Every structure is written in C-alpha cells, then in structure tokens.
Amino acid sequence: MSKWTYHRRIQLSFFLLIFLPLLAVSFISYRFLSNEMVEKVKLSNDNVINVINEEIERTIDDISFASHFLVNDMSFKQQLEQFSNVERLTSFETYQTFREIEEGLSLISSKTLNNNIHMYLINNKNFIVSASPSARLEAIQQNSTQLLSEVNKGLAENLQWLGMANDPNTESSYYIARAIFDTTNKEIVSTLLIGISESYFVGLFKSIEFGNVALFDAEGEAIFNNKQLHVEKALVDSSLRLESKIEKTNWTLVYETTRETLTGQISRTFITGIISVSVLFLVFLLSSMIVAKRLYRPIFKLQRVVRQVGEGNLDSRIEVKGNDDLAALSRSINTMLDQIQQLIIDIEFEQEQKKIMELEALFMQIRPHFLINTLNSIKCSLILQQDRLHSQVIDSLMSLLRYYLKFHEETTLQEECKLLSNYLEVMKIRSEQTVELHIDLQPEVKQLIIPKLILQPVVENAIVHGLLDIDNAKITVTATIHQGLVQIMIEDNGVGMDEEKLEQLNDYLTEQKPHDLASEPNVFSQDGGVGLINVINRLRLTFGSSAVMKLYAGGQGGVLVIIQFLVPEQQPLLLQEDRHV
C-alpha cells in the first residue's frame with residue numbers, strides 16, 4: 001500500500017489546514033494579549049502609584065496639621081512647659097498635667113490620624129507621653145535616645161524626617177520629629193515624635209498585584225522596600241519601572257516589575273494550552289489512524305479487486321459487509337463486474353456465431369458457380385427452343401443462387417422483396433402451387449439497408465407449413481417506419497397455428513441472446529433452410545438487442561409475423577405485446 005494513501009493525505013490536510021493555523025492564531029493572540037496586558041498593567045499601576053502618592057501626601061498633611069495644632073495651642077504649650085522637666089509622676093498636680101497632655105494628644109491623634117500612625121511627646125527628662133494610653137512604649141523607649149539625637153534643635157517648629165527605627169519585637173516604624181520650644185526662652189520643652197508603622201505602607205501598597213514597590217526618603221534611604229529596589233537603577237535591564245516624587249516630603253515612590261512577571265500567567269496558560277492541545281492532537285492522530293485504517297479497509301479491498309480486474313481476473317469480487325455507502329458501492333461494482341463478464345461472454349458468443357455464419361456462407365460457395373453456368377446453358381437452350389416458361393424459372397433460380405453467393409453482403413428492403421418474387425417462381429415449379437404475393441413498402445423504407453435473406457425464410461415457412469394444398473394461397477408483405485422504428489409484417493392465409501405453439505415460439509424468439517445454430521433445430525424449415533432463429537440472430541447482430549420477431553394468429557386464418565427494429569442512432573422502442581391485427 002502506498003505510503004501516502006487517501007486517509008493519510010486527509011490527516012496531513014487536517015494538520016496543515018487546522019492544527020498549524022490554530023497554533024499560529026494562538027501564538028499571535030498570545031503576543032497580542034501579552035502586549036495588551038503589559039500596557040494595561042502599566043496604565044493601571046501608574047494610576048495606582050498616583051493614588052498612593054496622593055494618599056501619602058494627604059497623610060503628611062494630616063501629620064503637619066496635627067503638629068501645627070499642638071505647637072500653636074498656647075494652653076497646650078503651657079502644659080508642656082510645666083511638664084518639660086518632669087521625670088516621674090510624684091504629685092497629683094504633675095499627674096493631672098500628664099493626663100491633660102495625654103488627653104489633648106489623644107484627641108488630636110484620633111481626629112486627624114489613622115490607627116497606623118502614633119504620636120509621642122518626650123520631655124527633656126525622656127518622659128514619654130503616648131496618644132494612646134494602651135500603646136506599648138517598649139519600642140519607642142528603646143529607640144528614643146537615638147531618635148532624639150537625630151533631631152536638629154536649630155530647626156524650630158519644623159518637621160524633621162528621622163527615618164526608620166527597627167524593633168525586633170514589634171514592627172518597624174518611620175519617625176517624624178518636631179521640636180517644641182517655649183514662648184519666652186526659646187528652649188526645647190518637648191519633642192513630638194510621630195511614628196508611621198510599616199503596616200501602613202503594607203496596606204497602602206497591597207493594591208499592587210504585580211511587581212515590587214519601594215518608598216525612599218530624600219536621602220535615598222528606604223522607607224518601605226519589599227524587593228531590595230534601588231532608588232536610581234532597575235534590578236534588571238528588562239524591568240518596567242515607574243517613579244513618582246512626593247513633593248511635600250521629597251520622597252520617591254518607585255514601582256518596578258519585569259515583563260515576565262506581567263505575562264507569566266498568560267505564558268503559563270499558553271504553554272499549558274499548547275501542551276494540552278498537542279497531547280490531544282497526538283491522541284486524536286493515533287485514534288484517527290486506527291479509525292481511518294478500519295474505515296479504509298473496505299476501500300483497500302475495493303482497490304485490490306479493481307486492480308485484479310485490471311490485470312484480467314474477471315472472477316474477482318468484493319466482499320460486502322454492512323449497509324453503508326461503501327457496501328452499496330461494493331454491491332454496485334460487483335453487479336457491474338457481473339454485467340461486464342456476461343457482456344464479454346455474449347460478445348464472444350456473437351463472434352463465434354459470426355464465424356459459423358461466414359463458414360456456412362463459404363460452404364454455400366463451394367460449387368455455385370458451376371451450377372450457375374450450367375443453368376445458364378440450360379436457359380439458353382430453352383430460349384432457343386422457344387420454351388419461355390421454363391427459361392423464366394431457370395432465370396429466377398439463377399437469381400436466387402447469385403443472391404445466396406453474396407449472402408454476407410447487405411441489401412435493400414426493396415431488393416429483398418424482389419428476391420421473394422424469384423423464390424415464388426421456383427416454388428411454383430417445385431410444389432406445383434401458385435402463391436399470390438402482395439408487397440406494400442412505404443417509400444421511406446424501400447432503400448433501407450438490411451441483412452440478406454431476412455424475409456425469404458419467413459415466406460418459405462409460410463408456404464411449407466401453412467399454404468400447401470390451399471387454394472388461392474396469398475402472402476402479403478407490408479413495411480413502414482415511424483419515429484425510427486421499422487415494422488415489417490408478413491401475413492399468409494394458410495392453416496395457421498394453435499396458441500400454445502405460438503406462445504412457445506414467441507418465448508424462444510424473444511430470448512435476449514444469440515442462439516447456437518449448431519445445437520438448435522431450424523424452426524419451420526426443411527431441407528436445411530435458414531430458419532427463423534437464423535433470421536432473428538442476424539437482425540440482433542445488425543440492429544442490436546432491440547430487434548424482435550413476434551408471431552400472431554393472422555386475420556385471414558394464417559400466421560402474422562411482425563419484425564421490428566430500430567434504424568441506427570435511434571432510441572429503442574419495444575414491440576407492444578398486446579398488439580391487435
């Protein structure tokens with residue numbers, strides 16, 4: 001079997017026309033979606049960064065407002081002056097001042113700041129007052145000395161950004177300081193520390209799903225950094241980086257991610273899809289090969305039988321199973337092969353019959369020339385003796401012999417009817433019976449080409465089997481043509497034939513195959529006459545299987561013989577079975 005069979009080409013076509021375009025469309029879609037997603041994520045994160053920037057600026061504004069409010073409230077400032085050198089709460093008066101400062105600080109903190117921002121006041125003795133009484137002071141106590149040392153005492157009434165302070169037990173915080181001076185001596189009475197816890201930044205930046213974010217102060221120190229980002233350069237060359245300046249604090253907000261991070265999910269989905277499609281395609285390919293092999297098996301059998309028939313084995317047939325289209329096709333091919341085989345048998349038989357007829361014609365030509373010459377001499381002698389009757393008979397007999405000599409040649413219908421007249425002249429001497437012959441030919445059929453000796457055997461049968469001892473014997477020959485169908489009727493007024501015999505003869509004459517003249521008797525003929533079987537065989541060999549001969553009971557008591565055939569290049573028309581004469 002060929003390597004690239006029909007179903008293999010179908011599978012290859014499926015791969016080229018479906019699977020490859022599917023891969024191409026998937027890859028193009030992946031590239032398009034990746035670029036689209038990167039652009040959308042960049043735009044979305046840019047908006048998020050701007051929102052975060054605004055949120056930080058709003059928080060700084062709140063911190064600034066709270067610190068300015070404390071500094072500019074004179075009564076609160078007086079309380080701070082009274083509490084500036086308190087080291088411990090040793091009296092009710094100092095406790096009362098402590099409570100008032102704590103309540104004022106708590107009030108300002110709750111009104112302006114969120115829960116992630118804590119305010120502390122530290123006097124000159126490092127006594128710490130928290131805005132939240134329940135707050136744990138361990139972290140601020142551990143870091144207060146370092147934070148206070150970083151406060152620039154020369155910057156009066158200004159916010160100072162101290163940076164991050166780490167606590168191993170609690171979360172880290174970013175601290176902002178402001179020195180509070182008294183109104184008379186301009187000396188520091190207290191330091192306001194505002195701590196922004198790391199959870200504030202975590203909550204602020206959690207809305208960014210992809211990438212890393214960091215917040216740097218004016219010195220480039222990280223306030224919040226979840227991936228060791230740098231304030232000046234990207235982590236990798238292919239990073240997508242966004243920067244935003246917070247003007248009020250001179251902080252820098254940095255967002256950075258890689259293209260692979262943005263497209264990673266799409267890439268994983270795409271790769272998973274490609275792998276799934278490839279696996280399914282392989283499964284489909286293997287399944288289709290198995291199914292196609294099973295489906296192709298009847299076609300292979302059909303191909304094998306056709307090849308065997310092409311090699312000359314006409315007995316080969318297709319094994320038919322089922323009732324599908326291929327089974328119907330196989331049955332049709334088997335029927336066609338049967339018909340072809342039968343047609344070949346019929347053609348071979350026809351050729352054999354033609355050879356037999358040619359041999360018979362040759363056999364008839366063995367001595368006819370000698371007989372013709374002899375008869376011609378007799379004719380001349382009779383003419384010299386003034387015997388015109390017998391010389392005319394001899395002349396008719398010579399015409400018959402010449403006609404028989406050219407048996408294999410064709411003739412016209414008019415010439416065939418002329419032969420009948422010569423034949424009846426001879427039969428008149430032979431049987432001493434006069435037969436009246438009436439011929440009526442339609443002008444269109446007079447020159448119709450037909451085989452020789454088509455009418456003579458029929459007329460001979462009529463005389464021998466129907467008209468002997470009949471007075472006023474008469475034979476009528478009529479020929480017409482209508483729409484290409486030629487009809488010849490030969491009718492006698494003889495003794496006729498019973499219905500059973502007519503039916504048997506008609507069944508025998510209507511068989512659609514040539515008859516073996518060597519094995520079948522010549523019907524109605526005597527003395528080796530050609531016979532009706534010979535006539536119908538030669539008609540079918542000349543005009544095809546549409547040629548028919550039927551015998552009916554004649555209207556004058558004898559037999560009516562009807563011969564029908566189509567002239568060449570005409571459609572077949574069948575003789576009507578129930579024709580009435």
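This is a predicted model: local features need pLDDT of at least 70, side-chain atom pairs count only at pLDDT 80 or more; totals for chains, interfaces and linings use all residues.
I'll start with the totals. The protein has 581 residues, and buried residues make up 41% of them. Its secondary structure comes to 13 helices and 16 strands. If you take the contacts with a separation of 6 or more, 62% of them are between residues 24 or more positions apart.

Next, the record. An unreviewed UniProt entry lists residues 12–33 and 270–292 under "transmembrane region". For the second of these stretches I can say what the model has. Residues 270–292 are 100% helix and 0% strand, with the end C-alpha atoms 31 Å apart.

Now the cavity. How many cavities of 30 Å³ or more does the structure hold? One. The space in the largest cavity is about 40 Å³. Its lining consists of L80, F83, S84, L121, I122, N123, F127, V129, V189 and S190. Helix α2, strand β1 and strand β5, which span 74–83, 117–123 and 188–197, are the elements that each give two or more residues to that lining. The biggest contribution is from β1, with three residues. Sorted by class, the lining has seven nonpolar residues, three polar ones and no charged ones.

Staying with α2 for a moment, this helix also holds Q79. Is Q79 buried or exposed? Its relative accessibility is 18%, and the cut-off for buried is under 20%, so Q79 counts as buried. Leaving aside residues up to four places away in sequence, Q79 touches T97, E100 and I101.

Take helix α5, residues 198–205, where the buried residues include Y200, F201, L204 and F205. Looking down the axis of α5, the buried residues fall within an arc of 115 degrees, so they line one face of the helix.

Helix α12, residues 499–509, is the second case. Its buried residues are L502, L505, N506 and L509. Down the axis of α12 these fall within an arc of 100 degrees, so here too the buried residues line one face. What is on the face turned away from the buried side of α12? That face carries the exposed residues E500 and E503. Among the elements that cover the buried residues of α12 are helix α13, at 531–543, and strand β15, at 548–553.

A214 sits in β6, which runs over residues 212–216. Its relative accessibility is 0%, so A214 counts as buried. A214 and E256 are 42 residues apart along the chain, and their C-alpha atoms are separated by 8.6 Å.

Last, backbone angles. Most residues other than glycine have a negative phi. Two asparagines here have a positive one. N126 has a phi of about 65 degrees, and N472 has a phi of about 55 degrees. Where are they? N126 lies in the loop between β1 and β2, and N472 is in the loop between α11 and β13. With a relative accessible area of 42%, N126 is partly exposed. N472, at 71%, is exposed.

That is what I have; questions are welcome.

Conventions: Residues are numbered from 1 along each chain as its sequence is written. Side-chain values use heavy atoms; hydrogens and water are left out. UniProt positions are given in the numbering used here, feature names are shortened, and annotations may be inferred rather than shown by experiment. Helices (H or I, at least four residues) and strands (E, at least two) are DSSP runs, numbered from the N terminus. On a 1 Å grid over the protein atoms alone, a cavity is a set of points where a 1.4 Å probe fits but cannot get out, and a pocket is an open set with protein on both sides within 12 Å along at least five of seven lines; lining residues have an atom within 4 Å of a point. Grid points are joined across faces, edges and corners, and a volume is the space filled by probe spheres set on the points. Ala, Val, Leu, Ile, Met, Phe, Trp, Tyr, Cys and Pro count as nonpolar, Asp, Glu, Lys and Arg as charged, and the others, Gly among them, as polar. Buried means under 20% relative accessible area, exposed over 50%, partly exposed in between (1.4 Å probe, protein chains only). The arc is that of the directions from the helix axis to the C-beta atoms. Contact means heavy atoms within 4.5 Å.
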